[in-house]
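Biologist: I am new to this structure. Please take one part and go through it closely: the salt bridges, and what surrounds them.

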Amino acid sequence: MSSFSLKAVFEAVHQAAVDAAAAVESASWDAIRDKYFTQADGAYTPKTIRMILPHVDQGNVTQQPYDLPLFALSKHHALSIDTMKIEFDVELRGLDKPDASLIAAMPKSFLSRNPIAKVSITFKGGDAQESVMMLNDKILQSFPR
């Protein structure tokens, strides 16, 4: 059975949470880019839909075509890991040696002679990406008024 320092166990769990959050963020950007933009010559252009909307000019209402970005017409939810809770049992070794570091191992059985600690780690995610809303605001500001 493998044994690791308790610090190494916590660092591995933390790194797994960081990697999972990065994967979710990357997938979110890929979905937005593929669904709402086209790429040409290294630049992204919003995909649009042409709609005929009323336009008021000096008191006269006319129907005028507008190319509206699909991005601005959609409700956006940033994907993120809000809360992740990990629980596991570890055998603690080295408690009887005051100068040694604690060693953690997976329990062999419920009859283990070593003390067993229940470890519970909770990660809380940050706020949604503000850049998505800033991009949406920029697109909305480009509409004629």
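Modeller: Helices and strands here are DSSP runs, numbered from the N terminus; a helix has at least four residues and a strand at least two. Read that way, the protein chain runs β-α-β-β-β-β-α-β-β-β-α from the N terminus on. That comes to three helices and eight strands. Keep in mind that this is a predicted model.

Now the salt bridges. The count comes to three. Start with Arg33. Arg33 forms a salt bridge with Asp30, and the closest N and O atoms are 3.3 Å apart. Both residues lie in helix 1. They are three residues apart, about one turn of the helix. Arg33 also meets Asp34 in a salt bridge, again given as 3.3 Å from N to O.

Asp30 has 28%, so Asp30 is partly exposed. Asp34 has 48%, so Asp34 counts as partly exposed too.

The remaining pair is Arg50 and Asp67. Their closest N and O atoms are 2.8 Å apart. Arg50 lies in strand 4 and Asp67 in strand 5 (residues 60-69), so this pair ties together parts that are 17 residues apart in sequence. Arg50 is exposed, at 57% relative accessible area. Asp67 is partly exposed, at 40%.

Stay with strand 4, which covers residues 48-57 and also holds His55. The side chains of His55 and Tyr66 are joined by a polar contact of 3.0 Å. Leaving aside neighbours within four places in sequence, His55 is in contact with Asn60, Val61, Thr62, Gln64 and Tyr66.

The largest nonpolar core has seven residues: Leu6, Val9, Val13, Phe88, Val90, Leu92 and Ala104. In soluble globular proteins, nonpolar side chains tend to be buried together. Take Ala104 from that core. Not counting residues up to four places away in sequence, Ala104 touches Ser3, Phe4, Ser5, Leu6, Val9, Val90 and Glu91.

Last, the whole chain. Buried residues make up 19% of its 145 residues. The accessible surface comes to about 10800 Å², and 56% of that belongs to carbon and sulfur atoms.

Key: Residues numbered from 1 in each chain as written. Predicted model: local features only at pLDDT ≥ 70, side-chain atom pairs only at ≥ 80, totals over all residues. Heavy atoms only, no water. Polar contact = N/O pair within 3.5 Å; in protein donor to acceptor, adjacent residues only side chain to side chain. Contact = heavy atoms within 4.5 Å. Core = buried A, V, L, I, M, F, W, Y, C linked by side-chain atoms within 4.5 Å. Buried < 20%, exposed > 50% of the residue type's maximum accessible area, 1.4 Å probe, protein only. Areas by Shrake-Rupley, 256 points an atom, 1.4 Å probe, with all protein chains shown as cover. Salt bridge = Lys/Arg side-chain N within 4 Å of Asp/Glu carboxyl O.
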